[in-house]
Amino acid sequence: MNKNDLISAVADSSGLSRSDATKAVEGVFDAITAALAKGDEVRLVGFGTFATAKRKASTGRNPRTGEAMTIKASTQPKFKAGKGLKDAVN
């Protein structure tokens, strides 16, 4: 399922128009992104938790040349599925 499929599914299940469903889905994505950018955590009970994790700088190798290179530290988004989601999938 891609973003357009998700928008169509939301429109069908909620009775919203496609344009309203698009605004709703994009609004949810924007809100989650903004919260993670501030370093906050987004908990959706029964679904899962969106959070960020710090990644240390490390040394890697360029696959083309084999030359050692430094990979800079970064912040990565993480998602941990909740019990409700895990139970629905299994």
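Colleague: What should I know about the model before we start?

Modeller: It's a predicted model, where local features need pLDDT of at least 70 and side-chain atom pairs count only at pLDDT 80 or more, while totals for chains, interfaces and linings use all residues. Residues are numbered from 1 along each chain as its sequence is written, and side-chain values use heavy atoms, with hydrogens and water left out.

Colleague: OK, how many salt bridges does the count come to?

Modeller: Four. The rule for a salt bridge is a side-chain nitrogen of Lys or Arg within 4 Å of a carboxyl oxygen of Asp or Glu.

Colleague: Which residue does E26 meet in a salt bridge?

Modeller: K3, with 3.5 Å from N to O. That pair links distant parts of the chain, since E26 sits in helix 2 (residues 18–37) and K3 in helix 1 (residues 3–14), 23 residues apart. Helices here are DSSP runs of H or I with at least four residues, strands are runs of E with at least two, and both are numbered from the N terminus.

Colleague: And how exposed is E26?

Modeller: E26 is partly exposed, at 33% relative accessible area. K3 is also partly exposed, at 40%. For the cut-offs, buried means under 20% relative accessible area, exposed means over 50%, and partly exposed is in between, using a 1.4 Å probe and protein chains only.

Colleague: What does R43 form a salt bridge with?

Modeller: With E41, and their closest N and O atoms are 2.9 Å apart. R43 counts as exposed at 61%, whereas E41 is partly exposed at 43%.

Colleague: How about K83, which residue is its partner?

Modeller: That's D87, with the closest N and O atoms 2.8 Å apart. Both belong to helix 3 (residues 83–89), and because they are four residues apart there, about one helical turn separates them. K83 is exposed at 62%, while D87 is partly exposed at 48%.

Colleague: Switching topic: which residues form a nonpolar patch on the surface?

Modeller: L44, F47 and F79, with about 260 Å² of accessible area together. Patches take residues with over 30% relative accessible area and no salt bridge, joining like charges within 9 Å and nonpolar side chains (Val, Leu, Ile, Met, Phe, Trp, Tyr) within 5 Å. The areas come from the Shrake-Rupley method with a 1.4 Å probe, and for residues only the protein chains shown count as cover.

Colleague: Then the rings. How many aromatic pairs are there?

Modeller: Two. F47 and F79 make a tilted one, 5.7 Å centre to centre with 50° between the planes. Rings of Phe, Tyr and Trp (its six-membered ring) pair if their centres lie within 6.5 Å, and planes under 30 degrees apart count as stacked, over 60 as edge-to-face and the rest as tilted.

Colleague: Where do F47 and F79 sit?

Modeller: F47 is in the loop between strand 1 (42–44) and strand 2 (48–55), and F79 is in strand 5, 32 residues apart. F47 is partly exposed, at 38%, and F79 counts as partly exposed at 38%. In the other pair, F50 and F79 are tilted too, 4.8 Å centre to centre and 50° between the planes. F50 lies in strand 2 and F79 in strand 5, so this pair ties together parts 29 residues apart in sequence.

Colleague: Which residues form one aromatic cluster, then?

Modeller: F47, F50 and F79.
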